[in-house]
Amino acid sequence: MDKEGYIVECRNLSKKFGGFCALNEINLSLERGRIIGLLGPNGSGKTTLIKLINGLLVPTSGQILISGLAPCPETKAKVSYLPDNNYLSTWMNVNQMIDYYGDFYSDFDKKKAYEMLANLGLDAKQRFKAMSKGMKEKVQLILVMSRNAELYCLDEPIGGVDPATREYILKTIITNYAEDATVLISTHLIADVEKVLDEAIFIQKGSVLRHSSVEEIRSTYGQSVDALFREEFKC
């Protein structure tokens, strides 16, 4: 495939923290227009890879390219990032958060944000600190998915919320991105996200063990992604 078709390329990418190797010689190419699961146990290197994509960490060795460029202000404008912890000021209400995002990101679609709020039954006047964990997760996802980005990096978007909220979140993801954009979902909750995935990346101890289409996994192994994951990662 022509390299213009890749939104992310990792070439012998490694990241160390002191003597600990979080990522070890990763070689990976992600196509445009796909929903991809970055699947692995806690501590496998998922968050480190996502932070490298977003330019929040610098590789120890190797190279990472976003749409053909090393992470820089131009690539950050192409990537919409949902971290695995809260990053919003708790004193703000949802209206203020939407205004903030609208001022900060030129590709932020306020109309889309308010439509998603209405669909999820959220009150735009409510302050963030007064919300439940599930409501906070929804608001953060709405803000991220309301950007017209080329790549959405979602780090554990369904972690720690109830099954009903997970359904809401996954539905919001698959109905609110352009078909030529890529969505990278980092999670260890494979059974919940499998139904929305085009591809799956298995990662453990900083190494990519598998990168396959979901269709290929099912046809080759005769089992679900979740079942294959449990088999390959069993203790």
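Buried means under 20% relative accessible area and exposed over 50%, with partly exposed in between (1.4 Å probe, protein chains only). This is a predicted model, in which local features need pLDDT of at least 70, side-chain atom pairs count only at pLDDT 80 or more, and totals for chains, interfaces and linings use all residues. Residues are numbered from 1 along each chain as its sequence is written, and side-chain values use heavy atoms, leaving out hydrogens and water.

Start with helix α4, residues 110-119. Helices are DSSP runs (H or I, at least four residues), numbered from the N terminus. K112, A113, M116 and L117 of α4 are buried. They lie on the same side of α4 because they cover an arc of only 140° around the axis, taken from the directions from the helix axis to the C-beta atoms. On the other side, K111, A118 and N119 are exposed.

What do the buried residues of α4 pack against? Their partners are α3 (94-104), α5 (133-145) and α6 (163-174); contact means heavy atoms within 4.5 Å.

Now the ends of α4. At its start, a side-chain oxygen of D109 comes to within 3.1 Å of the backbone nitrogen of K111. After α4 comes G121, with a positive phi near 70°.

Next, the interior. A nonpolar core is a set of buried Ala, Val, Leu, Ile, Met, Phe, Trp, Tyr and Cys residues joined through side-chain atoms within 4.5 Å. The largest has 49 residues, of which L39, Y152, L154 and I185 touch the most other members. Helix α5 supplies the largest share of this core, 6 residues. Another core, of 23 residues, lies apart from it; I7, C10, L49 and I201 are among its members.

Technical notes: Helices (H or I, at least four residues) and strands (E, at least two) are DSSP runs, numbered from the N terminus. A polar contact is a pair of N or O atoms within 3.5 Å; within protein, one must be able to donate a hydrogen and the other to accept it, and residues adjacent in sequence count only if both atoms are side-chain atoms.
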